[in-house]
Each structure stands twice: as C-alpha cells, then as structure tokens.
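Please open the structure in your viewer and follow the selections below in order.

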Amino acid sequence: MVPLWFYLVVSAALFAIGAYGALARRNAIAIVMSVELMLNAANINLVAFWRYLNPFEINGQIFAAFVFIVAAAEAAVGLALIIAIYRSRQTVIVEDVNMLKW
Amino acid sequence: MDVNWLDANYLPWLIPVPPLISFMLIILFTGRNKVFSHSIAVGSVVLSFLMAFGVFLKATGTDDFGFHETTLRIFGDDITWMDVGLSEFKMGVAVDPLTAVMLFMVPIAMLMIFIYSVGYMGAYPDDDPHKIRYSRFFAYLSLFAGGMLTLVVADNLLLMFMGWEIMGLCSYLLIGFLFEKKSAQQAAVKAFMTTRIADVLMLVGIGYLYAEAGTLRFHEIFFANNAEIIERLGNADQTGYLGLSAASIIGLLLVIGTIGKSAQFPLHAWLPDAMEGPTPVSAMIHAAAMVSAGVYAVIRVFPLLEAGGNPHHAEYTAPLILMGVIGSVTALGAAILGVGQNDIKRVLAYSTISQLGFMVAALGIGAYVAAAFHLITHAFFKALLFMSSGAVIHAMEHGEHAVEHGHGHDEHDEHHAHHDEHAHDEHGHGHGSYTWADLNAKIEHGIEAGHLQPGERTPYGADYVGPNGELPDDAEWKTSIPQGLKPDFVAKPNNIALMGGLRHKIPVTAYAMLAGSASLVGFPLITAGFWSKDEIIADAMTFITNSGQFEGHSPWLHMLVFVSLVIAATFTAFYTTRMWLLTFWGKPRSPMAEHATLMNHVDPEELAQAQTSLKKFWLQYSNSALMQGPLVVLAFFAIFAGFVGIHGDFPVLEWFTGSHNFFHEFVGASLLHEPATIPFKIWPVLVSVLAFSIGAGFAYLKYSVPRDSYEKDPVQNIVGDPVWQALKDRFGFDTLYLATFYRGFEWFGRRVSYRAIDKETIDGILETIAVIFNNIGEAIKRFNHVIIDGVGDGIPQFIGLSGRWFRNLQSGRVQQYLLFTAVMLLAIGLFFVLRVL
Amino acid sequence: MEITWQTIAFAAFAVMTLGGGLMVVLSRNLWHSALFLMLSLFGTSGLFVLLVAPFLAAVQVLVYIGAIAILVLFAIMLTRRMMGLEETQNTQWPAAAAVALVLFLILFVTVSPLVDEQWFKDILGGDKKDGLGQRISTLNADLPVDPDAKDSGVVANEDLNIVTVEAIGEALVTRDGFVLPFELASILLTAALIGAIVVAREDEA
C-alpha cells in the first residue's frame, strides 16, 4: 500500500502550487482557481489522515465534506465579487483594483 | 429539557433577554418605523420589569433568603460554558438579596427612562438629529438595558464583565449620539478611553482571581466550604506578592475598574462631559445603569475586598483604604466643583460623582448595607433629577425656538397664551416683550450702574449677546475649538444663569425636581436620600466614638470618611438648592426662560380638526405628559423608598418599623457574616440635619432673592473671580488630562491604532514607522534649528527619505499584502522548524 | 517498495493532480487554466478513491468539477475581454515562487518524521554517512512522533468497512452526529447564494 507520507507530500506540493498562483497570477479568476487548489490540498490531507490513522470513524470524511461546502460558498461569493468588480471597473486584474490603501 | 421558565431559579435567565431582542429587532427590522421601534423598546423593558419584579417578590417572600445560620438560600441556575482542562467553567445566573433589590430598582428606573425617552426624543422637530436617529436611539438604549440586567443577574465575574463592557460600548454610542457635534464625539471618546483604562486593569484582576481561586462564581468564592477560598486568598503568607495578599491585589484591580466606571477621582473627568448625550442617556448612565454598575460590582465582591482584614475593628485592607480615600476625596471634591457649575446637567453630573464617592467611601469603612441602600435610593432620585433637567432643557429649547421664530406658535394656542399672560403679569412683563435685545439693554444698564465692568463676564459667560442671542462662546464653538472641549463652556438651554421662574412654566417638573433635590440634599426625615446618607454617616461616626472595640488600631479611615462626607453633604445641600432656585425661582432672566414650555409644536389646523377634547389634549400635551409622568412616579420613590431602611430604633418611627431595619436584615444576608446593626445614636442624625441646614439655608439666603441677568453669581462675589474660574474650569483636571493623557492617547490612536490596526495590514505599521521616523526627523530638525541653527538638515532629510521609501510599500495591491503576510508566516514557521532541526 | 497496481494508480493520479495544478497557475490562457483545474480536481478525486473514500470522490466530481469549475468557466466567459492578457504573472512572481518553495519545504520537513527511511536510503545513496537519507533518519529520531502513526499499523483495504453514503447521511442528520454543523452549513450556503446574487446583480437603475 502507498505510504501515508506520499499523500502528504502531494498535498504539500499542491498547496504550494496554489499559494504560488494566489500570489503571482494577475487575473482574479485565476486567483480563485488557485485558492480552490489550496482547499483541495487540505482535503487530500484530511482524507489521508483519516484513512491511515482512524479509518473506523466517520468524522474524517464528514470534515472533508464540510470543506467542500466552504469551497462552494467561497467560489460562489468570490466569483460574484469578481463579476461585480468587472462590471464597475471593467477589469479583473487585481493590480488595477488597488483600493486597499490609506 | 424540562424547564419551568417561570420558576424563580430559571426566570433570571430571561430577564436580560427582552431588551437584547428588542435591540436586534429595531436594528434589523423596524428601524424605519419610529412608533414601532419605541413600542418594542418600551414593551421589552415592561417584560423585563415584570419578570424582575416577580423574582423580587419571590425573594422577599422566601424565608431566610440569603445566608442564614449555615444555609445559603438563593435562586440560580448555571450551564457548563466550557471545559477548561479537567475543570468546567460554569456560567449562570444567581439572585441573592443584593441582586433582588437591584432587580427592584433597575427595571423601574429603566422603564421610567424609556417612557420618558419617547416624550423627550419625540419632542424634537423632524429634521433634528434626535428625531432622525430616533429608532437607533431606542435600539442603543435597549442594548444598554440588556447589558445592565445581564450584569445584575450574573453569578460570576466574567458574565458580569460582559454586561459591563456592553454598557461601556453603549455609553460610547449614546454619549456620541449627536455625533455632528465635535464636543459629543470627543466626550464619547473620552468616556470610552477613560473607562477602558480601568477595565483593562479590572480584567487583569479577574484573570488573577481565576488563576488563584479556580472559579469566578461569587457564591463559590464567598460561601463554599465556609469561605475557604476567601480565607486562603486573604492570607498574605500563603498567596500574593509584595506583602499584599492575593485578595488585596485582586481587590485593588477590581476597585480600579469601579473607579473608572463610577467616575471616581482621578478617572472622574469623563462623566461631566457625558452630558453631551441626550438627557435620557444621562439618566441611564447616572442612575439605572453605568455608574451604578461600578458601585454594584464592588458591593458584590466586598467579601473579597475585606478578606484578611476587618473594617469594623479598623483593620483596613489595601482595597478598603483605596476605596475610603478615593471615595472621600471624590465626594468632597465633586461636591465643591458642583458649586461652580452653571450647566444644569453638569451640576447633576458632579452630584452623581460626589454621591458615588459617598457609596465607595462607605464601602471602604465596611458599611456594606449603607452603601447598597444609598445606591438604590440614589438611583431613584438621580434618575428623577436628570429627567427633570431634560424637561427643563427641552422647555428652554422650545423657548429659544419661540424667540427665534417670532412666537409664531403662541397664536394658535389660546390656553398657552393665557397661561403665559398670567405668568408675565406677575413679573411685570408684557407678553412676548422679552427679547435678546432687552437682555443686552439690561447688561448695558448694569454697566452704567456700575454693577459690571465693560468686558467682564456675566454668569452666562459673556458681556453681550448677539442679535439672535448668540454668545461669543457659541461662535467659537461652532468653528470647532481645536483644544477640544472647553471646560467652562455652557450651552444656552442648559445654563441656569439664563433660567429662572420656570416653576410657573413647567410646574410638574419643578415640584418633581424639588422632591428629587430634597432627596439629594437629605431633607430630614421625609426623603429617601436622608435615610441612606444618614446611615453612611452614622456608620462612620459610631465607630469613631466607639473606639474601644478597635483594640489599639486607629480608626483613621473612619475619621477621614466622616469628616469629608459631612463637609461634602453640606456642599451638596448648597449647590443643589442653588441649582433649584436658579432654575425655578424668581423671574425669567432670558427670553428663552420667558417662553419656556413643554407643549408640542402642533399644526393649528390639525388642532382645529381634533374632535374630542381628549385628542386635543393629546395633540398638545403628549410629549409633556410622557416626560412628566415618569417624573411623578420617580418622585414617589425618591421620597418613600427610604422608609424600608430606617434604623430599627429610630425614635417614634420604631412603632411603625417594629424595631426592624428591613433593608439591613434583607441585604445583610448577602454576606457570610451578617454585618452587625449599629446601635442607634442621635448624634449622626443631628450632624446630618446640621449639614443640610447650613448648606441649604445659606443657598436659600443667597439665591432666593430676585436677581438680574447682569449680576454676578453670589458665590463668585464671595470666593472671588480666580476661585470661581477655577471651579468652572473643574480645577483644571480636564485640561491637564487633555494636555497629557488624552493628547498622548489620541496621538497613539491616530498614528498607531487607526493606521495599523484599522487597515489590518502590514503597511499600516510600516506607515507608522515612516511617520515615527518623520516625527523623529521633525524633532531632530527642530532641535537643530534651536540649538545649532542651520546645522544638521541631513539626518532629518535622510530619515524623511526612508519614511517616503517605506510609504511605497503601501501600494494598495492585495497580492503584495498577501505576500508580506505569507513571508511573515513562513518566517514564524521557519523559526519553529529550524528550532527542531 | 514493491510496485503494485495501487502504487501505479497513485503515481498516475498524483501526476494528474500536480501537473494539472501546475498548469493552472502557469498556463497563459485562462480557459486552459480552467480546464487544467478540472484535470487536477479529477486527479484528487482519484486519490480519494485510492483512500477508500468513494463518497468523497463522487462529491468531488459532482461539486468541484460539475459545479465550481463550471462556475469558473462561466465567470471566465463573462469577463472574456480579460482572457488575452500579455502578462499573466505579476511582477512579484519570483518572490511568490520563493515563498511557495519555502512553504513546501516547511511542510515537507513537518511530515518528514513519517517518511519511510529505507525508501529514502534506497533513492538517495543508501547508507552513506552524510547522505540525505542518513540525515533524515537522525532527524526522525529527534522529532517527537507517535510510532503508530507510521504505516506499520495501517488497516489494510480488505479489513476496512467502506463508509457508505448511507452511514454518512445518517451521521449528518442524527443529533449525536453532525446535525448542527450540517444545518449551519446549509445556512452558510444559503447566505452565500443570496450574497452572490446581491453582489453580482446588475443595478436596477
């Protein structure tokens, strides 16, 4: 059987990739996608630990299911915000939306 | 879960709930409908009042309620709030005798304040900020009430602290309710910051108590295993630092919390400025809620404060000494300052500070029951006084409005005109003849007659008035005084120097306020304030004369408290009588007072259409009735609430009381060792009566004579101008705080908190660094300019440059901020990883 | 380590997940990014299957690929003017890459106690004195780790009762289970739904 740490390394790598995307992509939609990748990485972690440490309890899977829910909500609201910004400023490039100062 | 919510054990849970729900309902749903909003708010308080009154009745009807012999019989319930390691943290409600009497006083006072608010807020014109934010006012007021009731029913310090902080927030919101006024903003910030200083220390005290005792529930600390915890905490050998026992340190911190909340010296400065809020708020803060909460808290934790000592044997612990000294100083100082105030609300504010000083000092000498008693009676008469002053101010504002608009409102109002005519005839003025120009003429006349030097300040702060009655201070105020609140500024409608003769305009208010004032000054035998104040003075005096039981300890604290309280009582009698006489006695000293009324601004056509006389009455007098009705109710309590606490052996009255002091026996059962009833002595009573007679008699002599508007205040003539100005400047405390702490905190707040925390990002901090560097650069630059002129521009320039460079980090680009955050987090992560490696 | 079908499948899905993820953040065409996102999500779903979580695998496909990824596609179409950007990465990308790398290393070091020493020794030069395998094994000795957490005590797939959809459904609605979080999640979703509509809706005026 594949050892636990394989999964953890994959998860860590996916998380780092997502973090890079969130920090480096200009398009807000790409950032949302990167965040989804990070959430996925967390989910792999959760399920893997469930499987290897405590497979007879149901909690681990439920936990992962709730991450889905949060991800869905986050995606819906995030994309709605992007569309709203696009509508008012005609851009989805986050550098152009530099209102977060002063 | 089977819970009978009507059971007295569970009912306390529900008492704070209706106002909190009301707050949410108004904020979320009914904010647009004023009638709906105030109905919900008043209804919620009625509900709370009914429940609280039920619990109170049940408590008084229970035999041996409280701690008797060896059993503790109280109402209460708790839930496990969270598990802390192996122990549980329980949260709950409890009603012991002390809580029960609070549950009697607080909801009644609140209900009256709420009803009054409907009239008070409703009486403003539609475009006034009071009216625009009408619903929000009731929402805040509800939250305030909810916070107070939470605090009262709480059975542990943490829940109590939550209620405490809710009230802190509400006082901030409500004092700054008229936030268009700069002075209101600053007063709100002042109140919030001042109480915050004390609250932080109090929270430290609570944390320390939890660490030492393992629980924060009052009855576990005070009663469990025969007060084992108290004994241990009070023993300086076992616990504590610096020779103080843990109980003393905790007690000191908790007392500091009260010093802030109850506006004791030196943290008193916020309370007089809290007058910036609408008057019902002042009543709420001064009577039913905020400052009472502070005193209630120390009464509540009194066993902790006296642990390790015994005030009845002059073995004072550190917290008791702190309370005794601070209370005495505050009671005396505030009473003296009360003499020099011309703002009617500010007089009352200082009287509140002073009376709270009485309570704190009483607690300092172990007069537990007397402090609680005075707390209850004071709440009633102070709520009454504040609400009366609000009615007075309203009447004055109405008068000002009438003067400005050419008395237009009088034409459609025959009854009123008739009434006015009557009043004017009596004072030799024709109807509507008194204008600001007349006042100027009077002042000129005064200068000619030599009563006044040209340029000298009259009691209301100026030697002339503008065509519309504006005082120079007004203009200055409108252009926003940079140094903040001027201590001696008095708004026109609040100025008692401009009042006079109002007893003919608003008789109900006048006589209700007379009842309140009589109670405040301790009018002998028939007022509540007399009995409660007398009990404090009796407690202090009895132990001095009975020094045999002190076993060699000097009762110095008792003496200090006694002397200062008696002097303070004399001053109280003086300034209260002065205030009442200046407001209601004599004849009007300004056009505003001339036209003062509480009637509605009513549309004449609407009035003509009104069918029934009842409707006519309501159209004209609704606000007047809503404002003055509660005054009558409270006047009743201000007079009669004292009779529950008469000393059992008082001559003649002992026939009625059956030699029982009901209040003492009931509330005394909140303590493990019921405080001994002091033997009745006639001397304390005589001292009280003497203090009252001197103060009130002197004020009557000086102020009952008719005065003209240009005349100086008699006190000013007696003490001289510098002292008078010092009184009006509140001994300079406010200015001092403004110049030191407030400026400092404001600087800190603006530069650090606002920029760094408010922006929630790293760039705020960098900005601060830049600003600090800039400031340092600025300072160095100035230093250079002064010391070695022209040398060393280079360093400041360099620092300024680095400041500008730091500014670049504040780009507004979210990903850059995220990157900084990530780098910081990784730095922390790396730190831990490398430590392991 | 012996090569089983599981190992092969794992490798395939891991490559799918990571490769897809990498393309999501690197692809110049946003539309391709979204499609690669689907690929990556599908790979994750495969990993869930390998972890014997069929329910989650199915939900992954349905919710992530079927809903979220499609939502992203719609968003891209709605903002399609922004698809052909000259620069897809901002100026701070080297710093971002460094951060991502350090993040990965930290995470790796954190999980390293679980790493099978022998595997590393085989790959990284056996038992050589200063080899990385040696260093990691000494590192393992220092870290406070529950030895049970290693693979030794893992339940084999054959001995495992597969958690059925039924069991999960029951756990979600029983009082001793997760009914409160479940209800809260529904409220969250409703709030997100309404919020999204309110935010994205065109102004009536």
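At what angle do helix H11 (residues 246–261) of chain B and helix H16 (residues 318–339) of chain B pack? The angle is about 25°, and their axes are 8 Å apart; axes are lines fitted to C-alpha atoms, for helices over the stretch in contact, and angles run from 0 to 180 degrees between N-to-C directions. Angles under 35 degrees count as roughly parallel, and H11(B) and H16(B) are therefore roughly parallel to each other.

This is a predicted model, in which local features need pLDDT of at least 70 and side-chain atom pairs count only at pLDDT 80 or more, while totals for chains, interfaces and linings use all residues. Residues are numbered from 1 along each chain as its sequence is written, and chains are lettered from A in the order in which they are written.

Within H11(B), select B:Gly251, B:Leu252 and B:Val255, which are among the residues that meet H16(B); contact requires C-beta atoms, placed from the backbone, to lie within 7 Å.

Next, select chain A, whose secondary structure comes to three helices and zero strands. Helices are DSSP runs of H or I with at least four residues, and strands are runs of E with at least two, numbered from the N terminus.

Then display chain C against chain A: the contact takes 76 residues from chain C and 65 residues from chain A. On the chain C side, the elements giving two or more residues include H2 and helix H8 (179–200).

Finally, select helix H2 (residues 30–50) of chain C, whose end C-alpha atoms are 30 Å apart. After H2(C) comes C:Val52, with a positive phi near 60°.

How values were computed. The expected span of a helix is 1.5 Å times one less than its number of residues. Two residues are in contact if their C-beta atoms, placed from the backbone, lie within 7 Å. Angles under 35 degrees count as roughly parallel, over 145 as roughly antiparallel, 65 to 115 as roughly perpendicular and the rest as oblique.
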